[in-house]
Amino acid sequence: MTKRTFPKWNTYTWVGLLMTGLVLLLGIVGLFWTPYSTTQMNAAEIFQGPSLRHLFGTDNFGRDVFSRVMEGLSATILISTVVVLFAAGAGIVIGAFTGYFGGVLDEIVMRITDAVNAFPSILLTLVILSVLGSGRQNLILSLSIVFVPSFVRIVRGEFIRLRDADYIKRARLMGVGRVRILFVHILPNIFSVFWVSVMIGFNNAILAESGLSYLGIGVQAPDATLGNMLADAQGYLQVAPWYVLAPGLTIVWLVLGFSLLSEGIRIGGAQDD
Amino acid sequence: MKYLGKKLFTLVMTLFLVSVIAFLSFEIIPGDVVSSILGTEATPEREAQLREELGLNDPPVVRYVNWATGVLKGDLGVSYRYSKNMNEMMPVAELVGDKLPVTLWLAAFSLIMIIAVSIPLGVMWAKSNNRFLDAALNVVTQTTMAIPSFFLGIMVTYIFGILLKWFAPGGYVSYEKDPWGFAGYLLFPALSIALPKIAMTARFLRNSMLKEMQSDYVRTAYSKGATKRKVMYGHVLRNAMIPVITFLGMIIAEIVAGSIVVEQVFGLPGVGRLLISSISTRDFPVVEILILYIAFVIIFVYFLIDILYRVVDPRISEK
Amino acid sequence: MIKIENLTVAFDGADAVKNVSLELLDGEILGVVGESGSGKSVTALTLMGLLNEEAVVKEGRVIFDGEVIREGGKPLNKALYRKYQGEKMSMIFQEPMTSLNPTQRVGRQVEEMLKLHREMKPAERKDMVLQTFQSVGLKNAEAVYDSFPHQLSGGMRQRVMIAMAVILNPRLIVADEPTTALDVSVQNQIIELLREINKTHNNTMLFITHDLNLAKRLCHRVVVMRDGEVVESGTAEEIFDHPREEYTKRLIEAVPSRMNRKKREIVRVNPVIEVRDLSVFYKEGDNSLFTAGKMRQVVYDANFAIYPGESLGLVGESGCGKSSLSKAILGINQNINGQVEQYTVRPQMIFQDPYGSLNPAKTVGWLLQEPLKAAARMDKTKAMSKSQMEEAAYDMLHKVGMKDKYFHRTPAQLSGGQRQRISIAQALITHPGFIVADEPVSALDVTIQAQIMELMQKLQEEMKVAYLFISHDINVVYQMCDRIMVMKEGRIVEIGDTEEVFTNPQNSYTKDILYLSQA
């Protein structure tokens, strides 16, 4: 039995998992199946309020909002998962090497990450997108780049903290290889901090993606994401508030779920130590 | 003083780097600027003339130097999209000039709200022994933090604009026309930016205070016979504020980002909206200046925060 | 008169202090001694009204001059206590650095006592603080007044804490391990200061310590505590010279002293390690792109050798360069001049902190096999099969006196003493001929300390390993080591046979240390 790679569960973790799990499931199902077509317009059913037939009502084209939320969710989840996987992976490798070995390379990487971290991620993505042009691929690419430094900083900080730990000094004395020290001796000890940052990363990715799509710079119509749905719906606030509430509250729900998860892991991790 | 000089030097260097990156990034973008300005039906002579006017024939380094010296002298270049009239191009300075105050006021309003509410709230929260209040604040702040500012903006519009009719959505009035109307309208977008940040800052301050309250020096203060009030305000608060200062720097940077989105929601003619529209219309001279401006604001805020940090924490200035 | 009657205090439902009664006579210094977890600090904090919110005083009373100020089952009367805290009772804590507010000038912190309890003009207050600073031996009181805690040395900080505690001349001063965080010579000055204060002002003092020698030196009467209960109490003489209880006897016996020492014959040929003209440097400041780190010399021209099966003790105050020297020998610090010749397989190191020296993510079994795997990777001839490695690990586990069941435990599930055993096992499993032990028993309770020292000696006999044994406690070194080496400000000032150095020290600094450590 080794130390848990995932910290002890608590109320936060459970509620967070339940909340994100539910919505993630909806998004994954949305990849393959939605109750109604998300593009089929239906003049007869414009602006229907929520009902059993249309859980979240219908929009200005008579499309089922629930189906569109499902579609938007799958886009949001897909984008943020790719972004976090890439950024976290790159963050671990870069952070581990620079943190442990230090030196000139570390100095340069640190300066860059500090500079990038000083700017809000949505702003940087905006700048990169203005060069690359908008669209789903470019959005994923620019978010991935922008998110790497925050992971680098966290992982690097942990490696710096642990590289001078007595047990790591002893591993060096034993003649354990460098790569093994990095990934077998140190890495298991930073999991709780790492999981927290992954959860926060998901949060930021979701917020950045939906924000940019809302501004019309991220994912473009006709592809639905929660962000550009909100932009469409805003004009009908007075006649169809459900059209705004459905995607909006879905984002809140998802983000809240992830922040509860991160809080739970943080507290659990502190208890483990 | 030596430290201050060093910091100022770094500040200038960073701005220089940002300006280089901002300028050169747009050099690598495919597509011809001239034909996109004049349309496809322009004569080759007209195209060549414009190219000459804009200085597009020079190598990038020369163009950067020309642009940068212009910026330093106050000449921010001309917009590719907007023109004053048929023959005169729109200077970027003019385009940005009247939008700047809107954004700055918006940011100031939000910052004041955040500081005025979150600090007393955080202190009160840390001091309270009431379990119910603690749980309630926990749920409320967690939820508030999860609301993206644009959705919050829409909800504020719905609740205060449509339901309560406290303001007219889309009915922005400029500062020159009606200062009170301007302030009254700005209150609501500022609220949309501030609310999640209030929750974040209050939580952060509370956690920081709770951590400090576990310290040995707090026990020492109690051993002198000091009341909880005296211990909190005389000892804990200042130490707990040290990390909060850095946190506030981050919050200010996020206010700048938040204002871009929220200006869009409330139809405010600020810098953020100009940035978005310039990006969509590929009006690069404007984008470059705006990036430089935002970078300057953020770097300068961090500079101030750094100095403030040294004032509050005597341990730093020693090194 | 100050009394604690039948006190029982619980944390999380478990009793930390059980039915403890203490009586403090006017003007006496009462020592409370015990190992960690004995409840001595909890008792003191209860008396001072400083317990955490989680702690529950279940039963008993605290009586101060006839007034019951704390009663079991009732919540703390904070308003009543505030009249006593500072005014009639004050406390000196173990860690002066963390016990002072880091962002407030120390003068103001002491002055707060006066602000809280006296009506005085600001100028009068400052005067009184300066006077008190002088009376506790702080020269240049004005400068100290305006200093922040981090600008003072450890000893000065503790003097500031003492000034704070005595400024109102309270009836009772509680001192909780006030010298544990300090160097021996400073420790001595602080003890003398406390004794002097007690003599001149006749305050009653409650002195909490784990160090029996200190209690013996300072206290009039002593109470021995264990697992939250009082084991024995009496005058210092009674307790130390004629202990009645078995536990007290064991405790006193475990304290390293100059009595019991095995003398051994060491054959000094073919050293395991030889150090010639070794100077060690330390990089100062941040070594960034723009500013090259400055080099500061921390060890000057060290010359010595260590022979198989021998223990060489290294003694000196913190900052004297003993850690730097050991790191240089092991090759952890490469900034050296001179030679270090190793004649053995990779020497290993045992650290002071049993909590930091084992990887918390791994099991004991894994920890013991990792050195073998590393050795095999470097030298193919040392490759072992999985079962051979496991067998070797179990074998080593038994050698350090631990049972099979610990093989699958993680460090978090072990006690401090058990962790130190695993550390030793991990260091010895590859059979190195030489080990650096950096304060290996300093963080342990006395009884555990004695066990670990005994274990190290046993293993030395069995495995013929040589130790460089670093310690601030010269009595520990006396018991463990064949030869002793004294360091001061980066230089080795004396090296010689333990017996000889103790009976006939040549260097004046060595004489000082020996004098100060005499009980």
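Which strand of chain C pairs with strand β1 (residues 2-11) of chain C, and over how many bridges? I looked this up before anything else. Strand β4 (residues 56-64) of chain C is the partner, in the antiparallel sense, over 7 bridges. Pairing here requires that DSSP finds at least two bridges between two strands.

**Conventions.** I note that this is a predicted model, in which local features need pLDDT of at least 70 and side-chain atom pairs count only at pLDDT 80 or more, while totals for chains, interfaces and linings use all residues. Residues are numbered from 1 along each chain as its sequence is written, and chains are lettered from A and ligands numbered from 1 in the order in which they are written. Helices (H or I, at least four residues) and strands (E, at least two) are DSSP runs, numbered from the N terminus.

**Sheet in chain C.** I traced an open sheet of 4 strands, in the order β2-β1-β4-β5 (chain C), with antiparallel pairing. Its edge strands are β2 (14-24) and β5 (67-71) of chain C, each of which pairs on one side only. From one strand to the next the twist averages 10°. For one bridge I checked the residues: V9(C) has V57(C) in β4(C) as its partner. Helix α1 (residues 40-48) of chain C lies across β1, β2, β4 and β5 of chain C and runs at about 115° to β1(C). Axes are lines fitted to C-alpha atoms, for helices over the stretch in contact, and angles run from 0 to 180 degrees between N-to-C directions.

**Helix pair in chain C.** I then took helix α15 (residues 416-428) and helix α16 (residues 446-463) of chain C, whose axes come within 10 Å and cross at roughly 15°. The two, α15(C) and α16(C), are therefore roughly parallel to each other (angles under 35 degrees count as roughly parallel, over 145 as roughly antiparallel, 65 to 115 as roughly perpendicular and the rest as oblique). On the α15(C) side the contact residues include R421(C), I424(C) and L428(C), and on the α16(C) side they include I452(C), L455(C) and L459(C). Two residues are in contact if their C-beta atoms, placed from the backbone, lie within 7 Å. By class, the residues of this contact divide into 8 nonpolar, 4 polar and 1 charged. Ala, Val, Leu, Ile, Met, Phe, Trp, Tyr, Cys and Pro count as nonpolar, Asp, Glu, Lys and Arg as charged, and the others, Gly among them, as polar.

**Chain A.** I counted 10 helices and 0 strands in chain A. Its C-alpha trace spans about 75 × 45 × 30 Å along its principal axes. Of its 273 residues, 56% are buried.

**Chain A with chain C.** The contact takes 18 residues from chain A and 25 residues from chain C. On the chain A side, α3 (103-118) and α6 (166-174) of chain A are the elements that give two or more residues. Helix α6(A) gives the most, with 6 residues. The chain A side divides into 8 nonpolar, 5 polar and 5 charged residues.

Key
Buried ≥ 20, exposed ≤ 12 C-beta atoms within 10 Å, placed from the backbone.
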